[in-house]
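Biologist: Hi! Could you walk me through this model?

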Amino acid sequence: MLSCKTCFAIAFTTFVLPHTCATSFLFTEYQYVGVFMVAFAILIFLFLGSVDGFSTKSRPCTYNPDKMCKPAIGTAIFSTVSFLLGAITSVLSGFLGMKIATYANARTTLEARKGVGKAFITAFRSGAVMGFLLAANGLLVLYIAINLFKLYYGDDWEGLFESITGYGLGGSSMALFGRVGGGIYTKAADVGADLVGKVERNIPEDDPRNPAVIADNVGDNVGDIAGMGSDLFGSFAESSCAALVVASISSFGIDHQCTPMMYPLLVSSVGIIVCVITTLFATDFFEIKSVKEIEPALKKQLIISTILMTVGVAIISWIALPSSFTIFNFGAQKVVKNWQLFLCVSVGLWAGLIIGFVTEYYTSNAYSPVQDVADSCRTGAATNVIFGLALGYKSVIIPIFAIAISIFVSFSFAAMYGVAMAALGMLSTIATGLAIDAYGPISDNAGGIAEMAGMSHRIRERTDALDAAGNTTAAIGKGFAIGSAALVSLALFGAFVSRAEISTVDVLTPKVFIGLIVGAMLPYWFSAMTMKSVGSAALKMVEEVRRQFNTIPGLMEGLAKPDYATCVKISTDASIKEMIPPGALVMLTPLIVGTLFGVETLSGVLAGSLVSGVQIAISASNTGGAWDNAKKYIEAGASEHARSLGPKGSDPHKAAVIGDTIGDPLKDTSGPSLNILIKLMAVESLVFAPFFATHGGLLFKIIKV
């Protein structure tokens, strides 16, 4: 029986300390981000207000010159307000998600004493709470904002929904800093803890003797939970805004038909109801009794939610939409039937499921790709790295075909509005996606708490089984985010081209082509910055962990306590400092290109970054996920093949750990952040399009190109 003093020490180390550190880090991060938020809001007002010289007089509408619309100063004010609303909602989504996760971590560990089924239900329900909170929050704030803005805009729906695009910009800009900052924090600690603890000192993962273990657990909360929550909120906000902007210049936008105009929000609303029903299948209708049932149960969540959502979309398409309507299609009006729009949403929905299953195939240790990567560890880390990179590149093929088919089908049926609705279809089950995504880090931290609290080996085995399934589901969640980002970015790109009054985007013209090739380079530049940031922080972490093991007497024997605070400080300082340059690259590129080179070059930059960014994001995410699960495959020793590579501490296992540490920044920092890059640049260009169209291209005007 443990003494009260020992129990208190365990509770403080495993729950109170990570919770306090995570909260403290987020508050520090939000202080820096808050300064940016205010500065950028002022920039939006100044840029958009200057389009008409801050005039308060009404102006002819862009798509209907016979009608008068609200002045540009109105769009400037309301775009600024919607930007702040989106930013605050994004920050709130991440923070509340982190709070939920930190409480769920310890509860999952306690439930693991009763069995793997009880622990699974606790972890999954916690993820579901976060998913529903985020989806409902984003939808509610957006709906309220639209109705409040309508009091000013009245019949000017074109101006109303143009100003609403600031909501998506605010959401994604906060998500960028959350993903990059949180990713640097968690991976610096993770790499430091694994390289010294597992490879050099041969101690278990999450061992309390490891000085970086608290920073690692804190990082899971601020990176994988808070960052991921803000990221998916940004995707939801942008896809909704893209659909609303394009719909505002359709026949039901011009004729002020409110119900069909709100069709994008209705799709998201039905998605929440569908996800509530779907969650019951995992927690109430069926019971998890063994480890083998965990991953199939999570896969069933995706299948059930997709089937139910297809039925739900069919019903609201029949009820809410007129039998036929017209959509603005680059200067022409395209007639669209309601069943065609239903197919646009459905094709996005099912493409998301395909991407999810392909991601699972390439990242789950139940299938041959990851087992081949694990087998390559026999000959050392070099072959492990080669196999992992090859797997990541190969995993891009089917998702890209799925995205391409979605774009072709949806554009053929309903032009850019169809593409926006396909993106919204892919994100319509966002609550379920977040539930299975957040489940991963919650299970991971539950295992860490079990190890640090000195609980039995049987409990650690249960949490490891939950965590292994969680790694795969996290990769599936990233696949959804990247796939939807491609569709959202294309829809935003189409809205930008329309709003900037560009008739055609011709890649053979020098202005566009230089933008195209520079845009394709940007994801590489961004990835280099984030990878280097993780590497630099991890270097300091490794040196500090080594120093403590070498200089603190009795640390390896468990007779002395490590200095956790120094490692937490290294991660915090590095992430706050290093998140600024990548964020500045993404936020400033559209402003510089649009102002100096004009809308044609900017359209090339957007297209180039979209095409290369999606490929790199998918391969990076899947490579990292495969390396992680190859390591866990060897550690679990569940098959004869896995046992021949183990046990923990063997040379193949050490090679797998090295692969896992290389993959950490790929799957949790650079990869997930790239989908924000392509969305954020597109939505920022859309918000500033009137300014670029009026005052942009200064350099070309000077040299008269």
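Biologist: Where does H16 bend, and by about how many degrees?
Modeller: Keep in mind that this is a predicted model. H16 bends by about 25 degrees at Leu 522, and a proline, Pro 523, follows within four residues.

Biologist: And how far does H16 reach from end to end?
Modeller: From its first C-alpha to its last, H16 (residues 510-551) reaches 61 Å. That is close to the 62 Å expected for its 42 residues at 1.5 Å a residue.

Biologist: What about H2, how far apart are its end C-alpha atoms?
Modeller: They are 57 Å apart. H2 has 40 residues, so at 1.5 Å a residue it should span 58 Å, and the two values agree. H2 also has a bend of about 25 degrees, at Ala 104.

Biologist: Switching topic: how much space lies in the largest pocket?
Modeller: About 1,100 Å³. It is lined by 34 residues, and those closest to its centre are Val 291, Ala 465, Ala 468, Ala 636 and Ala 638.

Biologist: Which helix gives the most to that lining?
Modeller: H15 does, with 8 residues. By class, the lining has 15 nonpolar, 14 charged and 5 polar residues.

Biologist: Last one: at what angle do H5 and H8 pack?
Modeller: About 145 degrees, with their axes 8 Å apart. H5 brings Phe 236, Ser 240, Ala 243 and Leu 244 to the contact, while H8 brings Pro 264, Leu 265 and Ser 268.

Biologist: How many of those are charged, polar or nonpolar?
Modeller: The contact has 5 nonpolar and 2 polar residues, and no charged ones.

Notes
Residues are numbered from 1 along each chain as its sequence is written. This is a predicted model: local features need pLDDT of at least 70, side-chain atom pairs count only at pLDDT 80 or more; totals for chains, interfaces and linings use all residues. Side-chain values use heavy atoms; hydrogens and water are left out. Helices (H or I, at least four residues) and strands (E, at least two) are DSSP runs, numbered from the N terminus. The expected span of a helix is 1.5 Å times one less than its number of residues. The bend at a residue is the angle between axes fitted to the seven residues ending there and the seven starting there. On a 1 Å grid over the protein atoms alone, a cavity is a set of points where a 1.4 Å probe fits but cannot get out, and a pocket is an open set with protein on both sides within 12 Å along at least five of seven lines; lining residues have an atom within 4 Å of a point. Grid points are joined across faces, edges and corners, and a volume is the space filled by probe spheres set on the points. Ala, Val, Leu, Ile, Met, Phe, Trp, Tyr, Cys and Pro count as nonpolar, Asp, Glu, Lys and Arg as charged, and the others, Gly among them, as polar. Axes are lines fitted to C-alpha atoms, for helices over the stretch in contact, and angles run from 0 to 180 degrees between N-to-C directions. Contact means heavy atoms within 4.5 Å.
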